[in-house]
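Hi there,

Here is the structure I promised to pass on to you. Have a look at it first, and then read my notes below.

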Amino acid sequence: MTNSLKTMIAGAAILIAAVIPAAASDGVVTVKSDYSVGETVARIKRDVLKKGIKFFGVIDQARLGKNAGNDVRPSRLVMFGNPAVGTTFITSNPEAGLDWPVRVLVYQTADGAVYAAYSDFDWIAKRHGITDRSPQFKMATEVIQSVTSTIRKN
């Protein structure tokens, strides 16, 4: 095999390694929390209720995993939303219901760090081809940024 062919193959492998993880996280916003998983969830819930947003509940994925015989690090899915805003996305495209209500995944990594992750609203709009709800998507973005700001001490 010639050196130029080896170089091309190595370059392609590096490019693939760099591009595939980036594509996997497309549309996901991650915010590092300064608190435990439990406190992060409590802060999100408290802020959502304070804002008058409907709180749908929390799924404790780690507990469900443990009950199924799987060792899952602390992980909770928090669900909330404003029906007046969220359902407007569904009136534009019924498949937008896949992304509503809002879901924030609060999880702990192996090193003990805690994060909150959610779907970017611009990405949701593009995913569902929704172009006629820009003010609502802008409002939803501002709300989720405000809610997740409560998990930072600064």
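What follows is a short tour of what was found in it.

First, some ground rules. This is a predicted model, so local features need pLDDT of at least 70 and side-chain atom pairs count only at pLDDT 80 or more, while totals for chains, interfaces and linings use all residues. Residues are numbered from 1 along each chain as its sequence is written, and side-chain values use heavy atoms, with hydrogens and water left out.

On confidence: pLDDT is the predictor's confidence in each residue, from 0 to 100. The protein has a mean pLDDT of 87, with 84% of its residues at 70 or more. Residues 10-24 stay under 50, and the model has one contact beyond four places in sequence for them (contact means heavy atoms within 4.5 Å). Where pLDDT is low, the predicted coordinates should not be read in detail.

Now the sheet. Helices (H or I, at least four residues) and strands (E, at least two) are DSSP runs, numbered from the N terminus, and two strands pair if DSSP finds at least two bridges between them. Five strands form an open sheet in the order S1-S5-S4-S3-S2, with antiparallel pairing. S1 (28-33) and S2 (54-60) are at the edges with a single partner strand each, so one side of each has no neighbour in the sheet. From one strand to the next, the twist averages 20°.

Some of the pairings, one by one:
- S1 and S5 run antiparallel and are joined by six bridges; threonine 30 stands opposite alanine 117 in S5.
- S4 and S5 are antiparallel too, with five bridges; tyrosine 107 has tyrosine 115 in S5 as its bridge partner.
- S2 pairs with S3 (residues 75-81) in the antiparallel sense over six bridges, and glycine 57 has methionine 79 in S3 as its bridge partner.

H6 packs on this sheet, touching S1, S3, S4 (102-108) and S5 (114-119), and its direction makes about 170° with that of S5. Angles run from 0 to 180 degrees between N-to-C directions, and axes are lines fitted to C-alpha atoms, for helices over the stretch in contact.

H6 (residues 134-149) also packs against H4 (residues 83-92), at an angle of about 135° and with the axes 10 Å apart. That makes the two oblique, since angles under 35 degrees count as roughly parallel, over 145 as roughly antiparallel, 65 to 115 as roughly perpendicular and the rest as oblique. Val85, Thr88 and Phe89 in H4 meet Gln136, Phe137, Met139 and Ala140 in H6.

Two backbone details to finish. S4 and S5 form a hairpin with five residues between them, and glycine 112 in the turn has a positive phi of about 95°. The peptide bond from tryptophan 100 to proline 101 is cis, with omega near 10°; proline 101 lies in the loop between H4 and S4.

Best wishes
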